[in-house]
Every structure is written in C-alpha cells, then in structure tokens.
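The following account is intended to be read alongside the sequence and the coordinates.

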Amino acid sequence: MKSQASKPLWKSSASGAALVLAVGLSSLNAAAQSPAPASAAPVAKTVPAAAVTAKTVVAHYATLVYSNYEDTLLAALELQKAVRAFTAAPSQAKLDAARKAWLDAREFYGQTEAFRFYGGPIDDEEGPEGRINAWPMDESYVDSVEGKPGSGFINDPKFKITKANLSEANEKDGEENIATGWHAIEFMLWGQDLDDNGPGQRAYTDFVNGKAPNADRRRLYLNVVTDLLIDDLRFLVQAWAPAKAGAKKNYRAGFEQGGQESLRKIIVGLGSLSRGELSGERMEVALNTQDQEDEHSCFSDNTHRDIVANATGIQNVWLGSYKRRNGQVLQGPSVRALVAAKDKALADKTTAQIAQSVADAGRIPAPFDRAILDGAPGQAVVKTTIASLVEQSKLLVESASAIGITQLTLVEP
C-alpha cells in the first residue's frame, strides 16, 4: 500500500516485521489537553463490574468477531445468489440486484476491519486478507478499460479462470494487480467510474453473448471470484467458531486462553485501524493525492459507507456491542468497562471520542472522490473525521496503559 502522508503513532522495528506503538508522555499529555468531543456515544447496557475481567472481555470479543464474520458470510451468500441469477440471464434488473447485494454485504464486512492487524486468521502470513479486500485495483489487469479494449485476463483465452489461478494471479508482480475479492467483484458489477458525480455505469450487455467480446468469460470470472470470496469468509467463520460448533482446536480456542496478550491484540486492532489504516491509508492518502484511484470503493462510490462501517467496527469492540444482521444486539464485557474500572474519566472520554468519529464519518458526503477535492464543501468534514480518528487513537493508547499494557507491538498487516 502507499505510504501514509502524516507521521504515524508507531515506528518500524529493525526487522520490518513488526511495528511498535509506544506509550509516550507527549502523546498522553496532548490527548489530555484536547477539547472534549461534541457528542457522546450510545449508552451501552451495563455489565456487572465483577463480570468484567480480561478473560471475560476476550471471550465476549471472540463471540462478537464470530457473529460479525458469520453475518458477513450470510450477506455474501445473498450476493452469490444474486450474481448467479444475473450471470444465468443478464438484465439490468438483475445487475441492479447484484449491486444492492454487494452494498448490503459491505456494511457487515466493513465492521470486521477492527479484527485485523495483530496476525490473526485474516492477516497472518497465510491469511486471506489480501485476497479478500486488497486495493487499489488496476482494472486493466482483469478486463478491458477505456483505451485498452483487449486488456486483462478476461480477454486472454490462454488464462484459465479457476479459483487456484485467480488466487495465484492476485497481486502477482504488483500490489495493484488485484484479481480477487470485494473490489474485483465491485469492478465487474459497476465497471470503471468515469462519472464525476456518480459510480461506474457498466452495461449489463457486457455479460451477454454477441453484445460484448468474451462475455462468457466475464460471466465465468464473476461467478468464480464470488465463490472464492465465499470460501475465504467461510474460513474466517470457522477460525472463530465456538467450541460448541465443533471447532475445538481453531484460532478462537487459543485466543480465549490468551489473557492479557489477547487483550493487547484487541487494542492493537483498534489502534491500527484508527490511525494507520482508516485515517491514514484510506483517507489522508486520498486527500493528499486528490486521486479517485486512492479511494477504497471507487467503482461503486461506496467509500463514504466503508468509512462509517470501519469506524463503527471500532466502536463495537470498544463497547462490547454489535447489532447482528437479524436485529439481535450482542452486549457483554467490554474494553471500555475494563478501562473504566481503572480510570472512569478516561473511559468516558474515549467512549465519547469514538462516538464523535462515527458521527463525523456519517457526515462525509458522497461521492468521496468529490468530497476530498480542494474547495469542495465536504473536504472540511473529511479533515474533521481524520482529526477525530487520530485523537481517538491517542486515547486508545492511554487506555491500554491504564489496564497495564504499556507497549503495543503491531504485526505489520
């Protein structure tokens, strides 16, 4: 990924394999002197203080992770069904239905980004994260684009479209050579975004034999890349499944026994997403380059919702609360409660700041690629959201210190 424009809270280690986030007095003092956020977070259901321990917080976190991944998988299965219906008999109505299913599923996946950055199942050395959500994407690596009608392996009959071949092709010879995941599917459904004020407008006829070259290969690719996403999401669900579901030796089983180390990983995920990834890679880079290609979901113009979902994922973990796809609300021992037992004022301040970030993110106007431009009314909102996320990352560092975690080692994603 591209380097961040602003100075990060952490520094690279000598090996480059890990990053260290130190709890420095200057950062803590700056956080303490910052003005209080304008809005407060939703009031979470109270959990008895005696029930809040490192062990119970870690166990509830695992339940939350499993539930969020399971909801993502269920939503992605609806996407798969819509894609199958579309490729079986392409029409504008069926393309619109597939697009809606993609957008619906992204709402759940975006919240799972808070479970990254500590070498868990999604982004350890063998994890599927790069195959699931890599970006930005060079569209011409996959299919024809404006000015390059024969580009991409869809237009190369020598390339056999299979799960194995797509996995191998993903990020081969370049990190923008994306062949799989959410954004590859997004490109198939919307096409290039050539409209300043809206998303891509790919014609459904691109998938109709006789209407566009290699329509049959385009249909095959869309089906296979969607199936591969399902496989990878199912892997994550299984990695976090509870023992009662038959998963006795999976990642969750060991994580729940990890005590303070697992708690450290939880906060690593929150801090890394807050500063390095969301406010840095996903917002500051695009703001500084003013380049549409640097926005997360550029084909569908869904980046503003990606940002809200990511910020909400952080809030979910902090509060120990998550609203499931079926409307059920999970609530249990939280990081917030653990911090509050040591420093209630700090816990309240962090809670309010995280709520402020979610609220600020929700005010970013669509499309994001217009909001980031100099002179655009939305640019101030983008900058405010970045500043809010940066501030909450400092408070998360201070919160970690309050519960005995004085150094956070971040595994490089």
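This is a predicted model: local features need pLDDT of at least 70, side-chain atom pairs count only at pLDDT 80 or more; totals for chains, interfaces and linings use all residues.

The largest nonpolar core comprises 107 residues. Those with the most contacts inside this core are Tyr61, Phe115, Leu166, Trp182, Leu189, Tyr221 and Trp240. Helix H2, spanning residues 54-88, makes the greatest contribution to the core, supplying 15 residues. In soluble globular proteins, nonpolar side chains tend to be buried together.

When neighbours within four places in sequence are set aside, the contacts of Ala76 are Ala105, Trp182, Ile230 and Leu233. The C-alpha atoms of Ala76 and Phe108 lie 9.5 Å apart, although 32 residues separate the two along the chain.

Leaving out neighbours within four places in sequence, Trp182 is in contact with Thr72, Ala76, Leu79, Trp102, Ala105, Arg106, Tyr109, Ile132, Asn133, Leu229 and Leu233.

Trp182 also takes part in the packing of helix H3 against helix H6. Helix H3 (residues 92-111) and helix H6 (residues 182-190) have axes 10 Å apart and an angle of about 155° between them. This angle is over 145 degrees, so H3 and H6 are classed as roughly antiparallel. The crossing of H3 past H6 is left-handed. On the H3 side, the contact involves Leu95, Ala98, Arg99, Trp102, Leu103, Ala105, Arg106 and Tyr109. These residues meet Trp182, His183, Ile185, Glu186, Leu189 and Trp190 of H6. By class, the residues of this contact are ten nonpolar, one polar and three charged.

A further helix pair is formed by H12 (residues 344-362) and H14 (residues 379-402), whose axes are 9 Å apart at an angle of about 155°. H12 is therefore roughly antiparallel to H14, and the crossing of the two helices is left-handed. Among the H12 residues in the contact are Leu346, Ile354 and Asp360, while H14 contributes residues including Val381, Leu389 and Glu398. What is the division by class in the contact of H12 with H14? Eight residues are nonpolar, nine are polar and four are charged.

The loops contain several backbone features. A cis peptide bond, with omega about -10°, links Trp135 to Pro136; Pro136 is placed in the loop between helix H4 (129-133) and helix H5 (163-169). Another cis peptide bond joins Ala366 and Pro367, with omega about -5°. Pro367 is situated in the loop between H12 and helix H13 (368-371).

Asp173, in the loop between H5 and H6, has a phi near 60°, a positive value in a residue other than glycine. Asp173 has 74% relative accessibility and so counts as exposed. Asn214, found in the loop between H6 and H7, likewise has a positive phi near 60°. At a relative accessible area of 26%, Asn214 is partly exposed.

Is Lys249, finally, buried or exposed? Lys249 is exposed, because its relative accessible area of 84% is over the 50% limit. Lys249 belongs to the loop between helix H7 (215-239) and helix H8 (251-255). The C-alpha atoms of Lys249 and Ala239, which are ten residues apart along the chain, are separated by 9.0 Å.

Key
Residues are numbered from 1 along each chain as its sequence is written. Side-chain values use heavy atoms; hydrogens and water are left out. A nonpolar core is a set of buried Ala, Val, Leu, Ile, Met, Phe, Trp, Tyr and Cys residues joined through side-chain atoms within 4.5 Å. Buried means under 20% relative accessible area, exposed over 50%, partly exposed in between (1.4 Å probe, protein chains only). Helices (H or I, at least four residues) and strands (E, at least two) are DSSP runs, numbered from the N terminus. Contact means heavy atoms within 4.5 Å. Axes are lines fitted to C-alpha atoms, for helices over the stretch in contact, and angles run from 0 to 180 degrees between N-to-C directions. Angles under 35 degrees count as roughly parallel, over 145 as roughly antiparallel, 65 to 115 as roughly perpendicular and the rest as oblique. A crossing is left-handed if the near helix is turned anticlockwise from the far one by less than a right angle, and right-handed if clockwise. Ala, Val, Leu, Ile, Met, Phe, Trp, Tyr, Cys and Pro count as nonpolar, Asp, Glu, Lys and Arg as charged, and the others, Gly among them, as polar.
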